[in-house]
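The following note concerns aromatic rings and the charges placed over them. Please read its points alongside the structure.

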Amino acid sequence: MATNPDGNRHTLGDTAARKLATTTKTVPQYQTITPRWLVRLLQWVPTEAGTYRVNRVNPKQAIEVSSNVKDEEALSRTYADYEATPREFTLSQISTVLNINTRVSDLFGSPHDQTREQLRLAIEAIKEKQETELLQNADFGLLNQVPKAQRIPTRKGAPTPNDLDALIAKVWKEPAFFLAHPAAIEAFGRECSERGFLPPTMMLFGSPFLTWRGLPLVPTDKIPMSGKGGSKSSILLMRIGDKKQGVVGLYQPNLPGEHSAGLSVRFMGVNNNGIASYLISLYCSSAVLTDDAIGMLENVDVGHFHDE
């Protein structure tokens, strides 16, 4: 602290003055929160009783039609057959029980409500897990629903414009967007720069996205990185919506204590130790309605740099 030459203080010091000052405090920051673009871009279909059945026309039974009919030529007779065992998707539950000491919430609830902030952070964690499940779940994760015929490798490792064009050829019926790890998008940008051009950008939800052939490259950190040093990844391309026979998200509507679509928050009471408990549950799944609604570029090398 500063003193006069005679060693005597003549004013109130900073440390003592702060005892009467009000500190501006933020709400708790949570670095792992992401924009969760996939959740925003999917069409979400309400799923009664927690089960969604995808009925398809039997591919072995062609629907016959007539053309160039003249005079009294007989018309073809046909019918649409269905798969005998259609796939069903059951909603997955993501849950946690949040405990809050009522003494803490009573005494330390200003300027930020402790209960509200605890619930907010727990809900954010559950929603992050939701996007992870939508991509990685062994049963309904989109990375695991891509048919073998819709998977293609990169030509030389790094993701090039030619590779993305090949992926578009797999999902050519009204594709909506690419989905890739930020490192894969960075690698694609490097390949474009090496070829002397920059991919255009577009605005979605107030944020800029790189595009290719008019389709946005949407980033997510929920697509795993593999290989030595985490240098390999994948890029998805998908068509969206049930009207387009695309990819849809599934949720349970009208939950007790519904907080948002498919998410409920229910107060469980206070125990003898003064601990208040809240059950937070989210029910979701995803479905690919037809095989050509999704495609994957595999073995994407994100570690190749041209100046090395």
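1. A charge is said to sit over a ring if NZ of Lys or CZ of Arg is within 6 Å of the ring centre and within 35 degrees of the ring normal. By this criterion, the charged end of arginine 190 sits over the ring of phenylalanine 305, 3.8 Å from its centre.

2. The model is predicted: local features need pLDDT of at least 70 and side-chain atom pairs count only at pLDDT 80 or more, while totals for chains, interfaces and linings use all residues. Residues are numbered from 1 along each chain as its sequence is written, and side-chain values use heavy atoms, with hydrogens and water left out.

3. There are five aromatic pairs, where rings of Phe, Tyr and Trp (its six-membered ring) pair if their centres lie within 6.5 Å; planes under 30 degrees apart count as stacked, over 60 as edge-to-face and the rest as tilted. One of them is the stacked pair of tryptophan 37 and phenylalanine 205, at 5.7 Å centre to centre and 25° between the planes.

4. Tryptophan 37 lies in helix H2 (residues 37-41) and phenylalanine 205 in the loop between strand S7 (201-204) and strand S8 (207-212), so their pair ties together parts 168 residues apart in sequence. Helices (H or I, at least four residues) and strands (E, at least two) are DSSP runs, numbered from the N terminus.

5. Tryptophan 37 is buried, at 8% relative accessible area, whereas phenylalanine 205 is partly exposed at 46%. Buried means under 20% relative accessible area, exposed over 50%, and partly exposed in between (1.4 Å probe, protein chains only).

6. Trp37, Phe205 and Phe209 form one aromatic cluster. The charged end of arginine 40 sits over the ring of phenylalanine 205, 5.4 Å from its centre.
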